Amino acid sequence: MNNSVMNTARLLWAGLRALLVLTLVTGVIYPLVVTGIAQGLFSDQANGSEITSDGKVVGSSLIGQSYNLPLKKGQETPEPDLKWFQGRPQNGLGSNSVNTQYKLILSGATNRSADNKDLIDWVTAAKKAVVKDNSVNGYTVKPSEVPADAVTSSGSGLDPDISPQYADIQVHRIAEKNGLSVVQVQKLVDDHTESRTLGFIGEPRVNVLELNIALKELAAKS
C-alpha cells in the first residue's frame, strides 16, 4: 500500500472519529445534560406548563382556551358559555385537522391597522357584546369600563390571560350564572391576579383557565 493510500485512510479514520465524537457529544451527551437540568430545575416549564383538574391535564398556562356553547343548527360561530370567565377575542386564529381538542392550537394575528373598517366593526360589536353579556340585575357595565383586551385579540391570538379590569366586569355575571355571591367571585379574581413579573415587566394579569378551574371547584362546593 503506497503512502498516498495510507494517508487517505488515516484522514478518513480521523474524520470518522471526529464525526463519532461530535455525534456522541452534541447528539447524546449534550441533550441528556440539558434535559436533565431542565427536568431537575424547571420541570413545570419543560413539560409545557401543564394545568391539571381532577387529576387530568386540561391545558397549559401559556395557551388560551375558548369557553363556548355547542354550535346550534345553522350557526357558524358558537355563542360564549356565560357561566365561565371569558378570555380575549380570537380573531385571526386558524383551525386545524390534526389536534381538534382545542381550536386555539394555531397562532395568528389580525394584521389590520387601527383605521381598518373590519377591525373597527369587530371592536364595536365586541364592546356591545361585553356590555350586554355582563350587565345583569343590579349591575350595568358602561362602555367606558370595557378594557382594550376585552375587545381585541393578542398578537398571537393565544393569550391565556386577561386584565384584572376585564375579570372584574365579569364578576356579577359569573356570580348570577353560578348561584354564587359577588363577594365569593371577586375573591377568586383577587386571589388569581398576578402582579407584574419582577415588579416591572408586563402588566397585572389573570389566567383564565386557572380562574375557571377555581370557579368550578367553588361552584361544586356551594
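**From one tryptophan to the core and the spaces**

Tutor: W122 is found in helix α3, which covers residues 117-134; helices here are DSSP runs of H or I with at least four residues, numbered from the N terminus. The model is predicted, so local features need pLDDT of at least 70 and side-chain atom pairs count only at pLDDT 80 or more, while totals for chains, interfaces and linings use all residues. Residues are numbered from 1 along each chain as its sequence is written, and side-chain values use heavy atoms, with hydrogens and water left out.

With a relative accessible area of 32%, W122 is partly exposed, that is, between buried (under 20%) and exposed (over 50%), judged with a 1.4 Å probe on protein chains only. The C-alpha atoms of W122 and P89 lie 9.6 Å apart in space, although 33 residues separate the two in sequence.

A nonpolar core is a set of buried Ala, Val, Leu, Ile, Met, Phe, Trp, Tyr and Cys residues joined through side-chain atoms within 4.5 Å. This core has 32 residues, and F85, V146, V185 and L215 have the most contacts inside it. The greatest contribution, seven residues, comes from α7. In soluble globular proteins, nonpolar side chains tend to be buried together.

Helix α7 (residues 208-221) also supplies four residues, the largest share, to the lining of the second largest pocket. A pocket is an open set of points on a 1 Å grid over the protein atoms alone, with protein on both sides within 12 Å along at least five of seven lines; lining residues have an atom within 4 Å of a point. The volume of this pocket is about 280 Å³, taken as the space filled by probe spheres set on points joined across faces, edges and corners. Its lining has 13 residues, with V58, Y67, W84, L209 and K216 closest to the centre. By class, five lining residues are nonpolar, five polar and three charged; Ala, Val, Leu, Ile, Met, Phe, Trp, Tyr, Cys and Pro count as nonpolar, Asp, Glu, Lys and Arg as charged, and the others, Gly among them, as polar.

Methods:
On a 1 Å grid over the protein atoms alone, a cavity is a set of points where a 1.4 Å probe fits but cannot get out, and a pocket is an open set with protein on both sides within 12 Å along at least five of seven lines; lining residues have an atom within 4 Å of a point. Helices (H or I, at least four residues) and strands (E, at least two) are DSSP runs, numbered from the N terminus.
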